Amino acid sequence: MPDRIVTATAVDGSFSVVAGITTELVADMQRRLELAPTASAAVGRLLTGAALLGASLKGKEKLTLQIAGDGPLRGIVADVQLNTPDEIGARGYARRPDVDVPLNERGKFDVGGAVGKGFLQVTRSFEVGQPYVGIVELQTGEIGDDIASYLMTSEQIPSVVALGVLANPQGIKASGGVIAQVLPGADEATIRTLEERARAMPPVTTQIDAGATLEDLVTAIAGPLEVRYTRDYALVFTCTCSRERVERALLGLGRDELEKMLREQERTEAVCEFCKTAYVLSHDEVLALIERLEARS
Ligand SMILES: [Zn+2]
């Protein structure tokens, strides 16, 4: 079943919900990056969170979530954009894709242990003007809690965030999430009600694995209150790397560094961290880059 994301609003205007099934995307990333189980759970949760927040993007805006921690994973990144008004493109990576740690005492992936203490940085890039950057200290490193903390601290939106990745030795079995946000002017009890429902419902991945639809996920958090569905997106892996971007990055290293490359290696290889595409530049191509730098100066 292809991945999808839907948004809905309570008819009384008290909260909105975005729900997503991200199993295909996370399975794709797991295979591409050869992520170990704990690393795949961490990247999968961050990707799912980013994809859900991606439903708030407009036009050419972009959103990047970066976690830097002192645990063995060191860092994970996810970013999203709108490929079309109805399609969200996402990608992600882990600095240490081979990290695997024992399950925690509840028999779940110890994502918090693998991430450690650190920070979540969220960057929203707009079509024009400076990007907005919000940074929060990690609460638990479990990612869902950390995104909720970011939404509360940086965007002043009380939210409930539930993200999950279910994996077995064969790969990713189910992945998805729900974010419910209190809308301006809503009753103060709204967030408590949403939190109680989130605690009472089975984990998102248990629901998806049992065949739940996105609408079932929305209903599980919305409860008896009627909701109106507002948007429906396809979700696909999208990498924006290109040879041109690689050349620009190499140019940014400067003349000395490029000349050192020429002396030390026959050819220069740059591998995209997100999709693993390898870009190879011959001796002459690196030389041409140096000439471009000279022409500029
Ligand atoms: Zn790429």
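1. Cysteine 239 counts as partly exposed because its relative accessibility is 21%, whereas cysteine 275 is buried, with a relative accessible area of 10%; here buried means under 20% relative accessible area, exposed over 50% and partly exposed in between, for a 1.4 Å probe and protein chains only.

2. The model is predicted, so that local features need pLDDT of at least 70 and side-chain atom pairs count only at pLDDT 80 or more, while totals for chains, interfaces and linings use all residues. Residues are numbered from 1 along each chain as its sequence is written, and side-chain values use heavy atoms, with hydrogens and water left out.

3. The zinc ion is coordinated at 2.2 to 2.3 Å by the SG atoms of Cys239, Cys241, Cys272 and Cys275, donors being N, O and S atoms within 2.8 Å of the metal (3.2 Å for Na, K and Ca). The four donor atoms subtend angles of 103 to 115 degrees, and the arrangement is therefore tetrahedral, a term that requires all angles of four donors to lie between 85 and 135 degrees.

4. Along the chain, the donors of the zinc ion follow the spacing C-x1-C-x30-C-x2-C. Cysteine 239, in the loop between strand 10 (227-237) and helix 8 (243-253), and cysteine 275, in the loop between strand 11 (268-271) and strand 12 (278-281), are 36 residues apart and link distant parts of the chain; helices (H or I, at least four residues) and strands (E, at least two) are DSSP runs, numbered from the N terminus.

Key. Four donors count as tetrahedral if all angles lie between 85 and 135 degrees; four count as square planar and six as octahedral if opposite donors are over 155 degrees apart and all others between 65 and 115; anything else is irregular.
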